Amino acid sequence: MNDFKSMDLFAPLQRALAEQNYQQPTPIQAQTIPAAIEGADILGCAQTGTGKTAAFALPILDYLGHEKPKTTPNRPTVLVLAPTRELAIQIGDSFRTYGKHMKFRQALVYGGVGQGKQVNELRRGVHVLIATPGRLQDLMDQGHVSLENVEIFVLDEADRMLDMGFLPALKKIIAKVPQQKQSLFFSATLPPKIRDLAARLLFNPISITVASKTPTVERIEQSVRYAKRGNKLASLTDILNGNDVDRAIVFTRTKHGANGLAKKLDRAGIAATAIHGNKTQNARQRALEAFRQKKVTVLVATDVAARGIDIDGITHVINFDMPVDPESYVHRIGRTGRAGSDGIAISFCTQDELDELRAIEKLIGTRIRVENPEMKFEVKQEPSKGKAKPRNANRSRRRKSNNSELRNGAQSTYRRRKKVQRSGKPGKTQRTATN
Ligand SMILES: Nc1ncnc2c1ncn2[C@@H]1O[C@H](COP(=O)(O)OP(=O)(O)OP(=O)(O)O)[C@@H](O)[C@H]1O
Ligand SMILES: [Mg+2]
């Protein structure tokens, strides 16, 4: 299926896609949209920047367009969860873009801002609620939203959502969503344990993984630069002053580090701004907008901007600090090289970060080219196979115990669940898991 027309999508959606100049569906869209329209539960995995948002937004809007379900105050029909406020906002923009020629109502719910406007929108009744888990749970606790009418449930960045930080809120939310619903889970990375867990939350899921040799986008030219802590800044300004840098995201490990680095770059004459979790939501939005609108060339960010953020024309991603989670590397560098464009990803690696580098290489299944192999660190033994790496050891242990907690709690409920056929699409058989 290499044509949106042959998908039989609601005509106003076709129009919007043509206006967006989407010539043909990406592989993840081609594989998931027809199945999702039929009502299947989907676990979709495809590289960064390959159009996963439309892969869930289009079948949802198609349903809303064809079936025209009525809104009920405080009871959304569709729930989309995302890990960050910025991503929730962006997903809302995508729904608006794809759905611009049809009537539907949506609300955004995320923390860091007053809840009054969000509460009012919910009260008026919405089809689509796009939310981050914390604020949603808050509003549920206060009785401003009930999930009992949810027919379609989406987890964007599913592995992150099912990871330790979000589990407590997510468990409470999942418990309130009706058992009979359609679930659509997406991410560019689905570690086996999380894939397992996700699959248990889905009814007979169609697991769609777009085949690729590595989870990272091939068009991103990746390299590592060995560095000493003290010379990272000089190395970074060198790169950023280069002619080929149009727009760059620089990732740091800490919020404090992001702030300090943005200031230092500014002082060095490179227009930079920082985005991280300690800023107010307005300041976060302002930073992202300044970057989106090219008022600054460089965005210095923590992992809060690692996932899902889609900004055109980012030429460079620089890991000033190595990410702690190998998955995070895939998402960080995926802010460039989107929708078929090229990109450059350079990661600074100090001796202390060699373990992280090895973990990343293991995940992506390839060695990353080192720009300066002549730089010598003190010889350090590579961790032996199967042995937990000291730096990440606690993290993975915590993750494991949390996951098994959800698995046990959810098993009995979800395994027995029966699937309902979405109205208006009767008699269509559901495909079973393909891989
Ligand atoms: N069929 C299409 N044709 C052309 N461009 C597309 C198509 N589908 C999506 N795009 C564009 O591709 C870009 C990336 O899409 P999107 O943000 O949905 O990727 P993603 O797979 O969710 O990435 P990530 O894993 O980073 O979240 C967007 O700018 C979007 O407008
Ligand atoms: Mg995405």
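Ile 28, Gln 29, Thr 32, Ile 33, Ala 36 and Ile 37 in H2 meet Lys 52, Ala 54, Ala 55, Leu 58, Pro 59 and Asp 62 in H3; two residues are in contact if their C-beta atoms, placed from the backbone, lie within 7 Å. Helices here are DSSP runs (H or I, at least four residues), numbered from the N terminus. This is a predicted model, in which local features need pLDDT of at least 70 and side-chain atom pairs count only at pLDDT 80 or more, while totals for chains, interfaces and linings use all residues. Residues are numbered from 1 along each chain as its sequence is written, and chains are lettered from A and ligands numbered from 1 in the order in which they are written.

**H2 with H3**

- The contact of H2 with H3 divides into eight nonpolar, two polar and two charged residues (Ala, Val, Leu, Ile, Met, Phe, Trp, Tyr, Cys and Pro count as nonpolar, Asp, Glu, Lys and Arg as charged, and the others, Gly among them, as polar).
- Helix H2 (residues 27-37) packs on H3 at an angle of about 25°, and their axes are 9 Å apart; axes are lines fitted to C-alpha atoms, for helices over the stretch in contact, with angles from 0 to 180 degrees between N-to-C directions.
- That angle makes H2 roughly parallel to H3 (under 35 degrees is roughly parallel, over 145 roughly antiparallel, 65 to 115 roughly perpendicular and the rest oblique).

**H3 with H4**

- Between H3 and helix H4 (residues 85-98) the angle is about 50°, with the axes 10 Å apart.
- H3 is therefore oblique to H4.
- On the H3 side, Thr 53, Ala 54, Ala 57, Leu 58 and Leu 61 meet Ile 91, Ser 94, Phe 95 and Tyr 98 of H4.

**H13 with H14**

- Helix H13 (residues 326-333) and helix H14 (residues 354-364) have axes 8 Å apart and pack at an angle of about 75°.
- This makes H13 roughly perpendicular to H14.
- Pro 326, Glu 327, Tyr 329 and Val 330 in H13 meet Ala 359, Ile 360, Leu 363 and Ile 364 in H14.

**Around ligand 1**

- Tyr 22, Gly 51, Lys 52, Thr 53 and Ala 339 come nearest among the 17 residues around ligand 1 (a residue is near a molecule if its C-beta atom, placed from the backbone, lies within 6 Å of it).
- Helix H3 (residues 52-67) gives the most to this shell, with three residues.
- Ligand 1 lies between domain 1 (4-203) and domain 2 (213-370), because both give residues to its shell; the domain bounds come from an automatic or database domain assignment.

Technical notes
Helices (H or I, at least four residues) and strands (E, at least two) are DSSP runs, numbered from the N terminus.
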